Amino acid sequence: MILVAGPASTYLAEKVAKSTQLRLIKLEHKFFPDGESYIRFPEKVEGQDLFVIQGTHPPQDRHLVQAYFIAENAIDLGANSVSLIAPYLAYARQDKRFFEGEVISIKSVLRMLKSAGYKKIYTVNIHSPWVAEFSPIPLINIQAEKAMGDYLKKLSIEDPIVASVGKKGAEMASAVAKELNTEYIVVKSTRDKITGQVTVEVEQARGLKNVIIVDDIISTGGTIVEVIKALKKLGAEKVYVACIHALMVDGASEKIMAAGAKEIIASDTIPSEYSKYSVADLLAEEILREKS
Ligand code: R5P
């Protein structure tokens, strides 16, 4: 079993290699002058079972194409099997046809990865876990709430309350609150499908002081900003923002800090200055489970 570092996730692949003690092949990678990706396997992979670590965070389409090239060519070069570790799986938020004629992007992505030759996909806190039901290849969803909770514990926040975001956020908030041995409150959020405007409603707001908002993804920051504003209005003093995947597009972090957040905390599924806890050990555990 060999690990392969895709161009999107070399930083994480190195940590996973350290944790698993497995050999790591770093793919050679550069861009042609017109922006196309060049990739080369610097070593033979014939007969090997490969775990390719390649996130599909922005630029999503480029990273997906690279993931495609890697598996197809690994098999062409004689690899025995190829599995994908995509710590962030792109397009999982387009999991249904919200308006007539829309593409169900995640369905196409999963089919594309299967046709590339991947036998299994591992990802972390996928936004829509139910897509595993229609995935043409096994899709393993690794939960990182404990890793998030362990980091938050180290902050020694006095009397914290966890706040969930969105329809399915309560599950994550409950898991993190359990780690912190505290309670959680539910913040309902709805996004206007046309304008993108987010409205939030705090379900219960007793005794707000130090609040930790948890969410799976921060993209534009629009949701979190509205949640911070609502919590502050209800008396929250310090508001921490914790997520798994920090996409941080359109100056999201600046908007979140301007809304009054004390700190932004994210995992390293997507590398950024907010990557304060790692999913490497979780990924390593899954790989070693497959090995045994
Ligand atoms: C919604 O269901 C998700 O949990 C996130 O809250 C949402 O995707 C974040 O997007 P944005 O940062 O653009 O508001």
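How do the residues of the lining of the largest pocket divide into nonpolar, polar and charged? The lining has 13 nonpolar, 14 polar and 13 charged residues. The views described below are taken from a predicted model.

**Figure 1. Centre of the largest pocket.** The largest pocket has a volume of about 1300 Å³. Its lining is made up of 40 residues, and those closest to the pocket centre are Arg 93, His 127, Lys 168, Arg 191 and Asp 216.

**Figure 2. Helices and strands around the largest pocket.** At least two lining residues come from each of helix H5 (169-179), strand E10 (184-191), strand E12 (210-218) and helix H6 (222-233). Strand E12 gives the most to the lining, with five residues.

Figure 3. Residues of its lining include Lys 146, Ala 147, Asp 150, Tyr 151 and Lys 154, together with Lys 276, Tyr 277, Ser 278, Ala 280, Asp 281, Leu 282 and Glu 285. Helix H4 (145-154), strand E15 (275-277) and helix H8 (280-291) each contribute at least two residues to the lining. Helix H4 has the largest share, five residues. By class, the lining consists of five nonpolar residues, one polar residue and six charged residues.

Figure 4. Lys 146, Asp 150, Lys 153 and Glu 179 are linked in a network of salt bridges. The side chains of Lys 153 and Asp 150 form a salt bridge with an N to O distance of 3.5 Å. Lys 153 and Asp 150 are separated by about one helical turn, because they are three residues apart in helix H4. Asp 150 is partly exposed at 27% relative accessibility. A salt bridge also joins the side chains of Lys 153 and Glu 179, at 3.6 Å from N to O. This second pair links distant parts of the chain, with Lys 153 in helix H4 and Glu 179 in helix H5, 26 residues apart. Lys 153 is partly exposed, with a relative accessible area of 41%, and Glu 179 is likewise partly exposed, at 24%.

**Figure 5. Salt bridge between Asp 268 and Lys 15.** The whole structure contains 13 salt bridges. In one of them, Asp 268 pairs with Lys 15, and the closest N and O atoms are 2.5 Å apart. Asp 268 is in the loop between strand E14 (261-267) and E15, while Lys 15 belongs to helix H1 (residues 10-20), so the pair ties together parts that are 253 residues apart in sequence. Asp 268 is buried, at 2% relative accessibility. Lys 15 is partly exposed, with a relative accessible area of 37%. Side chains of opposite charge can pair when their charged atoms come close.

**Figure 6. Nonpolar surface patch.** Phe 98, Phe 99 and Ile 194 make a nonpolar surface patch of about 300 Å². Ile 194 is located in the loop between E10 and strand E11 (198-202). With a relative accessible area of 70%, Ile 194 is exposed, because the term applies to residues over 50%.

**Figure 7. Cis peptide bond at Pro 59.** The peptide bond from Pro 58 to Pro 59 is cis, and its omega is near -5°. Pro 59 is in the loop between strand E5 (49-53) and helix H2 (60-76).

Figure 8. Asp 159, although not a glycine, has a positive phi of about 45°. The loop that holds Asp 159 runs between H4 and strand E9 (160-165). Asp 159 is exposed, with a relative accessible area of 54%. Asp 250, also a residue other than glycine, has a positive phi near 55°. Asp 250 is in the loop between strand E13 (238-246) and helix H7 (252-258). The relative accessible area of Asp 250 is 60%, and this residue is exposed.

How values were computed: Residues are numbered from 1 along each chain as its sequence is written. This is a predicted model: local features need pLDDT of at least 70, side-chain atom pairs count only at pLDDT 80 or more; totals for chains, interfaces and linings use all residues. Side-chain values use heavy atoms; hydrogens and water are left out. On a 1 Å grid over the protein atoms alone, a cavity is a set of points where a 1.4 Å probe fits but cannot get out, and a pocket is an open set with protein on both sides within 12 Å along at least five of seven lines; lining residues have an atom within 4 Å of a point. Grid points are joined across faces, edges and corners, and a volume is the space filled by probe spheres set on the points. Helices (H or I, at least four residues) and strands (E, at least two) are DSSP runs, numbered from the N terminus. Ala, Val, Leu, Ile, Met, Phe, Trp, Tyr, Cys and Pro count as nonpolar, Asp, Glu, Lys and Arg as charged, and the others, Gly among them, as polar. Patches are made of residues with over 30% relative accessible area and no salt bridge: like charges are joined within 9 Å, nonpolar side chains (Val, Leu, Ile, Met, Phe, Trp, Tyr) within 5 Å. Accessible areas come from the Shrake-Rupley method with a 1.4 Å probe; for residues, only the protein chains shown count as cover. A salt bridge is a side-chain nitrogen of Lys or Arg within 4 Å of a carboxyl oxygen of Asp or Glu. Buried means under 20% relative accessible area, exposed over 50%, partly exposed in between (1.4 Å probe, protein chains only).
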